[in-house]
Amino acid sequence: LGPDLFISEYIEGSSNNKYVEIYNGSGSTVDLSDYELQLFTNGAASASSTQDLSALSGGPSTLAHGGTLVLKNSSAALTLPDGVTAYSSSAVNFNGDDALAIYKVSTTSYVDIFGVIGTDPGSDWGSGDTSTADKTQRRKTSVSGGVTTNPASFSTLSTEWDGYAQDTVSGLG
């Protein structure tokens with residue numbers, strides 16, 4: 001069991017095909033009103049866009065232990081696995097050089113950071129399949145918690161993530 005929610009999948013696909021999957025491995029149901037997905041574009045040090053996870057149109061207000069919440073760009077159009085619903089969010093408007101974070105309101109802290117807040121790496125972090133541009137990144141099953149302190153570099157990309165081809169959504173949900 002992990003301490004909190006964390007990003008379990010990141011899809012920076014073709015055109016607007018962008019998705020983020022959030023996993024609850026905390027051991028109990030969480031109230032999503034206590035969490036925000038924050039987007040930091042082009043090396044921004046403060047959030048460019050914020051999504052209250054309980055305020056997704058048609059979305060849930062809680063997330064059970066072991067459950068996932070999938071957010072998408074409003075123009076995303078890939079066919080998702082059976083039974084997977086993705087909720088539109090303006091915070092899912094990233095490119096490979098943008099950082100994402102899950103922020104916990106009650107503790108005023110990050111529970112997971114994807115990338116490096118305040119750093120623009122150019123076009124992406126990583127290389128090859130383990131790149132944040134035009135690829136799908138899926139958290140390794142051995143990972144049980146998020147990156148809670150803004151790192152100096154995105155060193156966990158090679159150790160905590162498995163890379164897949166662009167527009168791979170078979171692992172969502």
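**A loop, then a strand and its neighbours**

Modeller: T107 counts as partly exposed, because its relative accessibility is 40%. The model is predicted, so local features need pLDDT of at least 70 and side-chain atom pairs count only at pLDDT 80 or more, while totals for chains, interfaces and linings use all residues. Residues are numbered from 1 along each chain as its sequence is written, and side-chain values use heavy atoms, with hydrogens and water left out.

Where does T107 sit? It lies in the loop between β9 (99-104) and β10 (109-114). Strands are DSSP runs of E with at least two residues, helices are runs of H or I with at least four, and both are numbered from the N terminus. T107 is 73 residues from D34 in sequence. In space, their C-alpha atoms are 9.0 Å apart.

T108 lies in that loop between β9 and β10 too. T108 is exposed, because its relative accessible area is 58%. Its phi is positive, near 45 degrees, and T108 is not a glycine. Most residues other than glycine have a negative phi. D134 also has a positive phi, about 60 degrees, without being a glycine. D134 belongs to the loop between β12 (130-131) and β13 (136-139). With 42% relative accessibility, D134 is classed as partly exposed.

Now to β2, residues 18-24. Is this strand mostly covered or mostly open? Mostly covered: 6 of its 7 residues are buried. Two strands pair if DSSP finds at least two bridges between them. β2 runs antiparallel to β1 (residues 5-12), and 7 bridges join them. The hairpin of β1 and β2 has 5 residues between the strands. In that hairpin, S15 takes a positive phi near 50 degrees.

β2 also pairs with β7 (residues 68-72), again antiparallel, through 5 bridges. V20 has L71 of β7 as its bridge partner. E21 stands opposite V70 in β7.

β7 is mostly covered, with 4 of its 5 residues buried. Next comes β8 (residues 86-88), which pairs with β7 in the parallel sense over 3 bridges. There, V70 stands opposite A86.

Step back to the whole protein. It has 1 helix and 14 strands. Its radius of gyration is 14 Å, close to the 16 Å that the globule rule gives for 173 residues, so it is as compact as a globular protein of that length. That radius is taken over C-alpha atoms, and the rule is 2.2 Å times the number of residues to the power 0.38. Along the principal axes, the C-alpha atoms fill a box of roughly 35 × 35 × 30 Å. Buried residues make up 49% of the 173.

Contact means heavy atoms within 4.5 Å. Of the contacts with a separation of 6 or more, 67% join residues 24 or more positions apart.

Conventions:
Buried means under 20% relative accessible area, exposed over 50%, partly exposed in between (1.4 Å probe, protein chains only).
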